[in-house]
Amino acid sequence: ISSIVYPLNINFKEIPKLTTISNTNYIFCRFPAYDLNKNFIENINYLLTQNYIPILMNLENSYLNNKLNKIKELKELGCIICVDLFLDNWSKEFTYCINKMENSDLIDFISGFSKFENLNQIINKFSSETGISKEKIENIYMNEAPNLILEV
């Protein structure tokens with residue numbers, strides 16, 4: 001799956017044509033680590049009312065990483081939650097957030113696996129850091145869930 005990843009701190013209304021995944025309604029939206037606009041929910045609602053399905057990325061590295069209820073709310077709105085396999089800097093906060101999302105069935109898929117360099121090693125590291133089984137990472141989060149998007 002490849003597409004443009006739009007930062008959530010921009011105004012989507014100002015972009016005439018958004019690029020989606022394989023001409024579907026799915027659109028990648030990245031939470032910035034800092035400087036998230038207070039109106040990001042308005043941006044998400046705008047996308048939803050335009051029949052886009054936001055795939056939210058970088059939650060584990062945003063200020064929402066300790067706000068599980070807010071992440072649940074976003075999922076209930078119709079957003080898809082994505083975690084990046086290639087986290088730049090592992091921390092206890094990232095691991096805690098990913099574990100909380102995993103335990104609450106909030107993660108829909110894991111991205112970043114298009115970088116095939118040392119993929120097996122990265123999967124092993126992700127599994128060991130998060131406690132999510134390698135089989136679940138590969139078979140559910142990296143294989144089954146993205147295929148559901150491509151089949152729409």
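This is a predicted model: local features need pLDDT of at least 70, side-chain atom pairs count only at pLDDT 80 or more; totals for chains, interfaces and linings use all residues.
Is Cys97 buried or exposed? Cys97 counts as buried, because its relative accessibility is 2%. The points below place that residue in the rest of the fold.

1. **Overall make-up.** The protein chain has 152 residues, and 42% of them count as buried. It contains 5 helices and 5 strands. Read along the sequence, the order is β-β-α-β-α-β-α-β-α-α. Take the contacts between residues at least 6 apart in sequence: 70% of these join residues at least 24 apart.

2. **The sheet.** The 5 strands form an open sheet. Their order is S1-S2-S3-S4-S5, and the pairing is parallel. Strand S1 covers 5–7 and strand S5 covers 109–111. Both stand at the edges with a single partner strand each, so one side of each has no neighbour in the sheet. From one strand to the next, the twist averages 40°.

3. **S3 beside S4.** Strand S3 spans residues 53–57, and strand S4 spans residues 80–84. The two run parallel and are joined by 2 bridges. Leu56 stands opposite Ile81 in S4.

4. **A helix on the sheet.** Helix H1, residues 40–49, packs on the sheet. H1 touches strand S2 (26–30) and also S3. The direction of H1 makes about 145° with that of S3.

5. **H3 against H4.** Helix H3 runs over residues 92–103, and helix H4 over residues 119–130. Their axes lie 9 Å apart, and the helices pack at an angle of about 85°.

6. **Who meets whom.** On the H3 side, the contact uses Thr95, Ile98 and Asn99. On the H4 side, the partners are Phe126, Glu129 and Thr130. By type, the residues of this contact divide into 2 nonpolar, 3 polar and 1 charged.

7. **Cysteines.** How many disulfides does the structure hold? The count is 0. Cys82 counts as buried, because its relative accessibility is 1%. Cys97 also counts as buried, at 2%.

Methods
Residues are numbered from 1 along each chain as its sequence is written. Side-chain values use heavy atoms; hydrogens and water are left out. Axes are lines fitted to C-alpha atoms, for helices over the stretch in contact, and angles run from 0 to 180 degrees between N-to-C directions. Helices (H or I, at least four residues) and strands (E, at least two) are DSSP runs, numbered from the N terminus. Contact means heavy atoms within 4.5 Å. Ala, Val, Leu, Ile, Met, Phe, Trp, Tyr, Cys and Pro count as nonpolar, Asp, Glu, Lys and Arg as charged, and the others, Gly among them, as polar. A disulfide is a pair of cysteine sulfur atoms within 2.5 Å. Buried means under 20% relative accessible area, exposed over 50%, partly exposed in between (1.4 Å probe, protein chains only). Two strands pair if DSSP finds at least two bridges between them.
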